[in-house]
Protein chains: 2
Amino acid sequence: VDPAPARRTAAILLIGNELLSGKVQDQNFSYLARELYSLGVELRRAVVILDFVEVIAEEVRALAASHDIVFTSGGVGPTHDDVTIEGVARAFQRKVVPIPELETQMREYYGERLTPNHLRMALAPEGVELVSGQSTRWPTMKVENVYILPGVPEIFRLKLDALKERLATDPFTLAEIFLDCDEAGVAQVLFDAAANHPAVQIGSYPRFDEGADHRVKITLESKERARVEAALRELRASLPRAEILRVTEPHSPRRG
Amino acid sequence: VDPAPARRTAAILLIGNELLSGKVQDQNFSYLARELYSLGVELRRAVVILDFVEVIAEEVRALAASHDIVFTSGGVGPTHDDVTIEGVARAFQRKVVPIPELETQMREYYGERLTPNHLRMALAPEGVELVSGQSTRWPTMKVENVYILPGVPEIFRLKLDALKERLATDPFTLAEIFLDCDEAGVAQVLFDAAANHPAVQIGSYPRFDEGADHRVKITLESKERARVEAALRELRASLPRAEILRVTEPHSPRRG
């Protein structure tokens, strides 16, 4: 298990023409976003791109240089449009080589049904780290700070779940205020609170749909609970009392 | 209405901390992806970023330089975390100025309830183009090749729908083959077809969930119908006949 630094940043690269043409609706980004949040990891960027080796390589290189951890999703099967391994290898100027440990696993699993195209899935960037999990058949490939995950949502989740323990760091604290008023009516109060509490991330989210039980939700977040508590005290005092529907007290999201 | 070039590329920039922390599940990317596909526009990239002016500016600049059309989603309300207008202005080195036409509309709509924070929503990058639609109250701001859309899904859709006519170009043609076999088993046939038909985009999508009525879906796409027909003929002849569950003949996706 990695040592857990005080603040961890992450990015995800979603790879697949089918996501950008709307044929498949991605589920992995929002799943990862929720899970990382509950683990205290700050997801700072998500990028969706087409299945082009050079585009993957360039994007992996850029994201890996500017984030502590990067995840890729998709493009790891046996067919011609599965080029993520090649892209990650090129990002770090590594060769793609057969990994004996994976070949052995493929041979054991597929037996006589094994074809050369199955063995394509035993290729990886030279020097890959294989991260095994109890709930997954195949290990997860890690190259530098990049975890290579499959696009199929069921398998993405299993593989991510197996990584949780090594990803977790100190948790976020979150408080929420639900209001029954026009967002513009509280904008000045929020400007002031944001200026007074620069270390607290303050969000304001209006709802316009008929089913909503509030019109604005204010969120207060920080890794330091005392700061969230202080900002919440100020907002409770300065927001119009009659318009506060309810407050969710400072808490850390529960780990799934 | 713009003239429609033979091939149009697009990107979308989704702006909002709440998307990356998993508090809100984005709906706009997949909606835009489906709509653009049906309009013949090739969505090549989607990027999700935090509410930082400099990050927005840098990303808008990069996407606008490398795509025909760019959409932004989110960050256009009246509060401190709504910094998209400022980011787009900075991307193109323009000033943010009050737009008299928008101020007049705000005054008419809000009347006595109007506050200075409402008028923040009448600010825009200098030289903005206002695109009006019949179904939307407020016009959509366009700066260079960037359409600025709100994050609230209901309004995003209304505004996008009002732009469809000017976005449409020559349609894609799509054919699909549904198979009952392991993806690796058809990988070689697909490699050959992809090599023989470089102008056709060939995708292969396995399903592993129990509810699926097929195990692999092959997609064939191009803006030229004859090329899709030729690739489909070859695949029908070379794929194992017993494993073809059904075929969707070449067609253009219907416009919504």
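In which helix of chain B is N117(B) found? I looked it up, and N117(B) belongs to helix α6 of chain B. A reminder to myself before going on: this is a predicted model.

**Entry: N117(B)**

Then I listed what N117(B) touches, leaving out residues up to four places away in sequence. From chain A I noted A184(A), A187(A), Q188(A) and F191(A). From chain B I wrote down P78(B).

**Entry: helix α5 of chain B**

I moved on to α5(B), which covers residues 100-110. Which of its residues are buried? I found L102(B), M106(B) and Y110(B). Looking down the axis of α5(B), I see these buried residues within an arc of 50 degrees, so they line one face of the helix.

The face of α5(B) turned away from the buried side carries P100(B) and E108(B), both exposed. What covers the buried residues of α5(B)? My list includes α6 (116-119), β6 (129-131) and β7 (140-143), which belong to chain B. Just after α5(B), I noted G111(B) with a positive phi of about 55 degrees.

**Entry: α2 and α7 in chain B**

I then checked how α2(B) (residues 28-39) packs with α7(B) (residues 153-167). The angle is about 15 degrees and the axes are 11 Å apart. That makes α2(B) roughly parallel to α7(B). The crossing is right-handed. On the α2(B) side I picked out contact residues including Y31(B), L32(B) and L36(B), and on the α7(B) side F156(B) and L160(B) are among them. By class, the contact has 8 nonpolar, 1 polar and 4 charged residues.

**Entry: α2 and α7 in chain A**

Helix α2(A) spans residues 28-38 and α7(A) spans residues 153-167; they pack at about 20 degrees, with axes 11 Å apart. They are therefore roughly parallel to each other, and their crossing is right-handed. The contact includes N28(A) and E35(A) from α2(A), with R157(A), D161(A) and K164(A) among the residues from α7(A). I sorted the contact residues into 7 nonpolar, 1 polar and 4 charged.

Technical notes: Residues are numbered from 1 along each chain as its sequence is written. Chains are lettered from A and ligands numbered from 1 in the order in which they are written. This is a predicted model: local features need pLDDT of at least 70, side-chain atom pairs count only at pLDDT 80 or more; totals for chains, interfaces and linings use all residues. Side-chain values use heavy atoms; hydrogens and water are left out. Axes are lines fitted to C-alpha atoms, for helices over the stretch in contact, and angles run from 0 to 180 degrees between N-to-C directions. Helices (H or I, at least four residues) and strands (E, at least two) are DSSP runs, numbered from the N terminus. Angles under 35 degrees count as roughly parallel, over 145 as roughly antiparallel, 65 to 115 as roughly perpendicular and the rest as oblique. A crossing is left-handed if the near helix is turned anticlockwise from the far one by less than a right angle, and right-handed if clockwise. Contact means heavy atoms within 4.5 Å. Ala, Val, Leu, Ile, Met, Phe, Trp, Tyr, Cys and Pro count as nonpolar, Asp, Glu, Lys and Arg as charged, and the others, Gly among them, as polar. Buried means under 20% relative accessible area, exposed over 50%, partly exposed in between (1.4 Å probe, protein chains only). The arc is that of the directions from the helix axis to the C-beta atoms.
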